[in-house]
Amino acid sequence: MSAVRESEASAPDQRPVKNRAVPAAPRVVTGMVVRTRKGGLSLRVQGRALAVTAVLVAALVLLMGVTLTTGDFELSVGEVLQALFGNGSGAADFIVNTLRMPRLLTALCVGAALAVSGAVLQSLTGNALGSPDIIGFTNGSATGALVVIVVLNGSMTQIALGALVGGLATAAAVSLLMLGRGLQGFRLVVVGIGVSALLLALNSYLITRASWQEALEAQAWLIGSLGNRLWIHANTIGLAVVVLLPLAFFLARRLSMVEMGDGIATALGVDVTRTRAALLVISVALAAFATAVTGPIVFIALAAPQLARRLTRSSGPALLPSALMGALLLALSDLVVQRVFAPALLPVGTATGTIGGLYLIWLLITESRKSRA
């Protein structure tokens, strides 16, 4: 392996000005490129991004330790480790492996899935508001899951499939409404908000058609909660993350090229249409499986990618830092609602929705100022 430091200007974006394509100022990309001796494999590593990633990993490890050791029944680190390796007492084993660990793993995987889904979608649309919970993909997944829950009384696997179908159907509907205009721009956000409003109305209708008990359960699920999550939930979202995140990371370089513009990406050898389609399916699938497991949890997909990108100052989508940031935000939010508001059973979706509402107001004001400028 060899390491080479380099600083290079990427191909400029093409911005239409009075029907004429004018190149924008080039983006300077700095970092260290690690290559194999024969040059068959290379990887660009940015020092700041690497440092931020390391800090996020350390914060996640610390957060996991706090989550597993604190609560109504406090445990030492040794007791937690013994329980994880099957050598703990009966009480410690139940608390760690039945109550806390499935909920924690579900939070980490759901947060990572939502963050990467948001990062991919924001990059594809070129809009900070291009998030699955803003555009309506999350509500579409919730509709599909509600149909299975209320109408079919389906299992966890069937709920996940229903959420996936609902999310993909919503993505197809939004794409058809944007046919001929592409996925870029503020128009997509407006169309997505309209579709999301329709889906919310449909979800309310489905609840009215359910029995009293089913309606209460469905309404609680729609808020977004990590309570009473078992290994079946952790395994479901864990499998989705293991399959889908590597695919997203594999396409991250092409996604960075697509950000430069379709013309430049095509010139660099990227099949833009197929790349967009594949990344859109991955984004929707990640949001759908996350929604199927916990219900719609807002804010994470919107804020985590932008926080990660600003911390790393990355010129690309920064998918790995986004995944770590999403996992950290959701697990931290769940820990706060468990410890601060105990013994009240406050759904984590309430906390993320409150913070997300304030963040969205700030983001809308910022985007409005940029558009006027």
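**Packing and selected residues**

User: Which residues does Leu-330 touch, not counting residues up to four places away in sequence?

Analyst: This is a predicted model. Setting aside residues up to four places away in sequence, Leu-330 touches Ala-107, Val-110, Gly-111, Leu-226, Ile-297, Ile-300, Val-348 and Thr-352.

User: Which residues of the largest nonpolar core touch the most other members?

Analyst: The largest nonpolar core holds 97 residues. Helix 3 (residues 90-125) gives the largest share of this core, 18 residues. The members that touch the most others are Phe-137, Ile-237, Phe-289, Ile-300 and Leu-330.

User: How many residues are in the other core that lies apart from it?

Analyst: Met-257, Val-258, Ala-265 and Val-272 are among the members of this other core. The number of residues in that core is 5.

User: Are helix 6 and helix 12 parallel or oblique to each other?

Analyst: The axes of helix 6 (residues 156-177) and helix 12 (residues 272-294) come within 8 Å. They cross at roughly 140°, and angles count as roughly antiparallel when over 145 degrees. The two helices, helix 6 and helix 12, are therefore oblique.

User: What is the handedness of the crossing where helix 6 passes helix 12?

Analyst: On the helix 6 side, the residues that meet helix 12 include Met-156, Ile-159, Gly-167 and Ser-175. On the helix 12 side, the residues include Leu-280, Ala-288, Phe-289 and Val-293. The crossing of helix 6 with helix 12 is right-handed.

User: How many nonpolar, polar and charged residues does the contact of helix 6 with helix 12 have?

Analyst: Ala-160, Ala-163, Leu-164 and Leu-168 in helix 6 are among the residues of this contact, as are Val-281, Val-284 and Ala-285 in helix 12. By class, the contact has 15 nonpolar, 2 polar and no charged residues.

User: Is Phe-299, with its positive phi, buried or exposed?

Analyst: Most residues other than glycine have a negative phi. Phe-299 has a phi near 85°, a positive value, and lies in the loop between helix 12 and helix 13 (300-312). Its relative accessible area is 8%, and the cut-off for buried is under 20%. Phe-299 is therefore buried.

User: What is the relative accessibility of Ala-318?

Analyst: Ala-318 is found in the loop between helix 13 and helix 14 (319-339). Ala-318 is not a glycine, yet its phi is positive, about 55°. Ala-318 counts as buried, its relative accessibility being 13%.

User: How far apart are the C-alpha atoms of Ile-149 and Gly-162?

Analyst: Ile-149 is found in helix 5 (residues 137-152). Leaving aside neighbours within four places in sequence, Ile-149 is in contact with Ile-159 and Trp-221. Ile-149 and Gly-162 are 13 residues apart along the chain, and their C-alpha atoms are separated by 9.1 Å.

User: Which residues does Ser-123 touch, not counting residues up to four places away in sequence?

Analyst: Ser-123 has its place in helix 3. With a relative accessible area of 6%, Ser-123 is buried. Beyond residues up to four places away in sequence, Ser-123 touches Leu-255, Glu-259 and Pro-317.

User: What percentage of the residues in the chain are buried?

Analyst: The secondary structure of the chain comes to 15 helices and 5 strands. Of the contacts with a separation of 6 or more, 72% are between residues 24 or more positions apart. Among the 373 residues in the chain, the buried share is 49%.

Technical notes
Residues numbered from 1 in each chain as written. Predicted model: local features only at pLDDT ≥ 70, side-chain atom pairs only at ≥ 80, totals over all residues. Heavy atoms only, no water. Core = buried A, V, L, I, M, F, W, Y, C linked by side-chain atoms within 4.5 Å. Buried < 20%, exposed > 50% of the residue type's maximum accessible area, 1.4 Å probe, protein only. Helix = DSSP H or I, 4+ residues; strand = E, 2+ residues; numbered from the N terminus. Contact = heavy atoms within 4.5 Å. Axes fitted to C-alpha atoms, helices over the stretch in contact; angles between N-to-C directions. Parallel < 35°, antiparallel > 145°, perpendicular 65-115°, else oblique. Left-handed = near helix turned anticlockwise from the far one by under 90°. Nonpolar A, V, L, I, M, F, W, Y, C, P; charged D, E, K, R; others polar.
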